[in-house]
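Have a look at the model first, then read on.

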Amino acid sequence: MLGLLGGFAVVGAVIVVGYLAGRLVIGGPQAGFALNQVAFFVTNPALLFTVLAGADLGAVFSEYVPIALISSLAIAALYLVISRFLFRRPAAETAIGAMASSYVNANNIGIPITVYALGDATLIAPVLLVQLLVLAPLYLTILDLTSSRKASVRAVLTQPFRNPMIIASLLGVAVAATDVAPPAPVWDSLTLLGGAAVPMVLLSFGMSLPGSRPLKAGPDRLQVLTATVLKTALMPVATYLIAHHLFGLDGERLLGAVVVSALPTAQNVFMFASRYGRGIPLARDAVLLSSVLAIPALIIVAALLA
């Protein structure tokens with residue numbers, strides 16, 4: 001319990017430093033964006049590769065995969081039902097809301113949390129694989145079919161394999177399966193780069209917070225609140241019930257599954273909303289609010305299950 005809370009304190013402290021750096025405009029107004037881009041394309045893939053290359057594949061392709069898939073689809077379906085009776089918004093915007101309710105920030109916040117709070121980054125790999133290989137193509141297809149911006153079928157199907165995170169994950173799994181390790185200088189370089197992933201992502205996230213004003217008056221407010229409550233409160237509960245009663249998990253494995261499900265809405269949701277021009281305020285505010293509320297949610301989860 002103390003170890004988990006200490007891990008959350010470390011993560012929170014670095015985010016605060018990033019927030020102060022953003023307020024002081026250290027590095028210029030685009031510094032946070034630049035850090036995030038470097039983390040996305042360089043340091044996070046390096047970290048995932050080294051973690052998975054040395055991982056037990058039984059832990060990666062474990063019951064966490066179906067747990068992540070079932071819980072995500074269940075919460076998304078619940079948002080769809082609520083939206084059908086309360087919001088009656090266009091299909092593309094509804095898809096963004098469903099995604100905001102159930103798509104966790106597995107790479108930007110998930111990696112730091114699992115590294116520092118749980119001590120094992122392999123816990124995030126099954127969720128990342130489910131989201132990038134199954135959920136992201138599903139939502140992109142829905143957005144393609146229900147919005148004015150059309151992408152080719154080839155672009156939709158190959159989208160996961162053009163993502164550096166999933167490429168690094170698949171390469172790491174291949175190395176673990178074949179026991180063919182890269183040369184020591186290459187491995188050491190990747191390890192060094194991966195070590196920069198966690199602080200870089202946390203600083204970038206903190207630097208993105210100054211100036212944010214969520215929940216402006218308008219038709220999106222109730223949708224934002226609904227998506228945030230589903231993501232922050234209902235998804236951890238659903239994951240607990242699925243993991244414990246359906247898959248028989250307990251102890252640290254149950255804690256790991258629930259902690260990962262309590263992570264905030266992924267920034268990819270805002271990226272998808274911006275690309276298709278649908279539900280942008282909904283995605284932006286859900287990401288911010290769920291990120292703030294994830295801290296007490298994770299502490300509550302740790303207190304109850306640790």
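The lining of the largest cavity splits into nine nonpolar, six polar and no charged residues (nonpolar is Ala, Val, Leu, Ile, Met, Phe, Trp, Tyr, Cys and Pro; charged is Asp, Glu, Lys and Arg; polar is the others, Gly among them). Keep in mind that this is a predicted model, where local features need pLDDT of at least 70 and side-chain atom pairs count only at pLDDT 80 or more, while totals for chains, interfaces and linings use all residues. Residues are numbered from 1 along each chain as its sequence is written, and side-chain values use heavy atoms, with hydrogens and water left out.

**The cavity**
- A search of the whole structure turns up one cavity of 30 Å³ or more (a cavity is a set of points on a 1 Å grid over the protein atoms alone where a 1.4 Å probe fits but cannot get out, and lining residues have an atom within 4 Å of a point).
- The largest cavity has a volume of about 120 Å³, a volume being the space filled by probe spheres set on the points, which are joined across faces, edges and corners.
- Of its 15 lining residues, Ala-68, Val-127, Ala-257, Val-260 and Ser-261 are the closest to the centre.
- Two or more lining residues come from each of α4 (64–86), α7 (125–146), α12 (221–246) and α13 (251–261) (helices are DSSP runs of H or I, at least four residues, numbered from the N terminus).
- α4 gives the most to this lining, with five residues.

- α13 and α15 (residues 280–305) pack at about 165° with axes 10 Å apart (axes are lines fitted to C-alpha atoms over the stretch in contact, and angles run from 0 to 180 degrees between N-to-C directions).
- That angle makes α13 roughly antiparallel to α15 (over 145 degrees; under 35 is roughly parallel).
- Leu-255, Val-258 and Val-259 of α13 meet Leu-298, Val-301, Ala-302 and Leu-305 of α15 (contact means heavy atoms within 4.5 Å).
- By class, this α13–α15 contact has seven nonpolar, no polar and no charged residues.
- α14 (residues 267–276) packs on α15 at about 170°, with the axes 8 Å apart, which makes α14 roughly antiparallel to α15 as well.
- The contact of α14 with α15 divides into six nonpolar, two polar and one charged.

**α5 with α12**
- The axes of α5 (residues 91–102) and α12 come within 7 Å and cross at roughly 30°, so α5 is roughly parallel to α12.
- Residues in this contact include Glu-93 and Gly-97 of α5 and Lys-231 and Met-235 of α12.
- Its classes are four nonpolar, four polar and two charged.

Definitions and conventions. On a 1 Å grid over the protein atoms alone, a cavity is a set of points where a 1.4 Å probe fits but cannot get out, and a pocket is an open set with protein on both sides within 12 Å along at least five of seven lines; lining residues have an atom within 4 Å of a point. Angles under 35 degrees count as roughly parallel, over 145 as roughly antiparallel, 65 to 115 as roughly perpendicular and the rest as oblique.
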